[in-house]
Amino acid sequence: MADTKQVEAKGGREVARLAKRIGAFSTAHGGAEGQIAYLGERGARIVLVGADGGWGDLVATSVDTARKAVEKAGITVHETFDGEFAARVRTGPYEWTRMAGIQIGGPSNS
């Protein structure tokens with residue numbers, strides 16, 4: 001029994017920590033929406049897109065933990081990262097040089 005309580009307490013702290021970070025992102029970006037992606041044994045990725053087009057992500061130890069965190073943070077969650085939701089993401093010079101810099105003659109990714 002002691003092991004179960006310890007795991008539950010640890011999981012509750014992770015949910016609270018993630019929810020706090022999601023809330024801070026949402027506040028900084030005028031609101032936020034998200035999408036949860038399963039990463040296998042690693043856990044789950046929470047992709048966040050702010051109302052201003054800013055984006056970020058967090059990793060949770062499980063999909064269940066990620067779902068609890070976004071629920072606690074009170075943001076809208078999308079099933080997929082496509083269409084209108086994905087179109088809201090605004091990338092800057094950093095992302096362009098990291099994603100396509102080599103192909104278009106920009107700085108290398110090293």
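These are my notebook entries on one predicted model.

**Entry 1. Confidence**

The mean pLDDT of the chain is 85, and 78% of the residues reach 70 or more. I then looked up residues 1-7, where pLDDT stays under 50. For this stretch the model has zero contacts beyond four places in sequence.

**Entry 2. Overall layout**

I next listed the elements of the chain. I recorded four helices and four strands. Starting at the N terminus, their order is α-β-β-β-α-β-α-α. The chain has 110 residues, and 29% of them are buried. For the surface, I noted an accessible area of about 7,400 Å², with 54% of it belonging to carbon and sulfur atoms. Among contacts with a separation of 6 or more, 52% join residues 24 or more positions apart.

I followed the strands in turn. β1 pairs with β2 in the antiparallel sense, over seven bridges.

Is β2 enclosed or open to the outside? I counted six of its seven residues as buried, so β2 is largely enclosed by the rest of the structure.

**Entry 3. The largest nonpolar core**

Which residues have the most contacts inside the largest nonpolar core? I wrote down I22, I46, L48, L58, A66 and V70, in a core of 15 residues. The elements that give two or more residues to this core are α1 (2-28), β1 (32-38), β2 (44-50), β3 (55-60) and α2 (63-73). The largest share, four residues, comes from α1.

I then took V70 as an example. Leaving aside neighbours within four places in sequence, V70 is in contact with I22, I36, I46, I75 and V77. Two of these partners, I22 and I46, are also on the list of residues with the most contacts inside the core.

**Entry 4. T65 in helix α2**

I looked up T65, which is found in helix α2. Its relative accessible area is 10%, which is under the 20% limit, so T65 counts as buried. Not counting residues up to four places away in sequence, T65 touches E14, V15, L18 and A60.

**Entry 5. The aromatic pair**

How many aromatic pairs does the structure hold? I found one. The ring centres of F81 and F85 are 5.2 Å apart and the ring planes stand at 80 degrees. An angle over 60 degrees counts as edge-to-face, so this pair is given that name.

I checked the accessibility of each partner separately. F81 has 36% relative accessibility and therefore counts as partly exposed. F85 has 3% relative accessibility and therefore counts as buried.

Technical notes
Residues numbered from 1 in each chain as written. Predicted model: local features only at pLDDT ≥ 70, side-chain atom pairs only at ≥ 80, totals over all residues. Heavy atoms only, no water. pLDDT = per-residue confidence, 0-100. Contact = heavy atoms within 4.5 Å. Core = buried A, V, L, I, M, F, W, Y, C linked by side-chain atoms within 4.5 Å. Buried < 20%, exposed > 50% of the residue type's maximum accessible area, 1.4 Å probe, protein only. Phe/Tyr/Trp six-rings, centres within 6.5 Å; stacked < 30°, edge-to-face > 60°. Pairing = 2+ DSSP bridges. Areas by Shrake-Rupley, 256 points an atom, 1.4 Å probe, with all protein chains shown as cover.
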